[in-house]
Amino acid sequence: MSIHSWTSFATTNTGIIQYSVSFYQGLTKDVEPFADTERFSLLCASGCSNYGKKWSCPPYAPAYSERVKAWERLVVFFFQAELAQFSYIKNDYLKIKAANSILKSRADKYLRHMTRINGSYISTGSCRLCKPCKCKTGEPCRNRLLMSYSFEAMGIDVNALVKSFFGKELLWYRKGCLPLYTSVVVGLLTNEVLTDSYIEEQYYKSIIT
Ligand code: SF4
């Protein structure tokens with residue numbers, strides 16, 4: 001299994017933040033062993049306030065196998081930022097929030113860019129195109145073509161996937177214990193074989209446009 005990665009930087013009001021982007025390029029079926037739709041739907045139902053309130057979340061999200069039917073290939077991206085860089089923020093929880101916001105905005109921007117030229121995307125977290133999601137008011141989805149589902153919403157065990165593909169763990173915040181890093185996981189569904197250099201080049205293109 002070959003993993004490629006690069007290091008990038010984000011300029012904020014308080015300085016420069018370094019983060020890494022790693023990716024695995026393979027087939028959509030490579031992720032199927034990590035699917036457990038029933039278990040994750042139950043976890044969402046018992047522990048998430050978005051359950052039944054967003055069109056991109058369970059019980060409305062499709063199973064992974066349904067979602068990827070039209071696509072043969074998948075690129076999984078793992079964005080990671082070390083939290084020691086956020087020492088200028090006092091509150092540990094806010095450090096993670098700031099880091100996640102940097103990673104999520106870049107991952108979203110990149111994947112939307114790639115979607116326009118090479119396929120469809122699997123987002124980090126629920127679809128955020130409308131605020132609030134039209135599901136909350138009982139209306140149909142406003143943008144069926146652009147809406148996105150996360151791996152988790154489609155029943156994928158993302159922790160096991162990340163461990164297997166990248167040899168990393170997803171680290172969680174616990175009161176009084178700041179994790180070493182935070183990360184986000186997104187995917188690109190495509191029917192094309194993309195070169196590693198093309199994937200990286202398009203990243204830089206997306207963040208400067
Ligand atoms: S496009 Fe809007 S209505 Fe549709 S899932 Fe996303 S947030 Fe909800």
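Among contacts between residues at least 6 apart in sequence, 73% join residues at least 24 apart; two residues are in contact if their C-beta atoms, placed from the backbone, lie within 7 Å. The model is predicted: local features need pLDDT of at least 70, side-chain atom pairs count only at pLDDT 80 or more, and totals for chains, interfaces and linings use all residues. Residues are numbered from 1 along each chain as its sequence is written.

The protein has 5 helices and 6 strands. These are DSSP runs, numbered from the N terminus (helices, H or I, at least four residues; strands, E, at least two). Their order along the sequence is β-β-α-α-β-α-β-β-α-β-α. The C-alpha trace spans about 40 × 40 × 30 Å along its principal axes.

Of the 209 residues, 34% count as buried, that is, with 20 or more other C-beta atoms within 10 Å of their own C-beta, placed from the backbone. The largest nonpolar core has 46 residues. Such a core is a set of buried Ala, Val, Leu, Ile, Met, Phe, Trp, Tyr and Cys residues joined through C-beta atoms within 7 Å. Val76, Phe77, Phe79, Ala107, Val185 and Val186 have the most contacts inside this core. Elements giving it two or more residues include strand S3 (73–82), helix H3 (92–118) and strand S6 (181–190). H3 gives the most, with 8 residues. Leaving aside neighbours within four places in sequence, Ala107 contacts Phe77, Phe79, Thr124, Val184 and Val186.

Definitions and conventions
A residue is buried if 20 or more other C-beta atoms lie within 10 Å of its own, exposed if 12 or fewer, and partly exposed in between; C-beta atoms are placed from the backbone.
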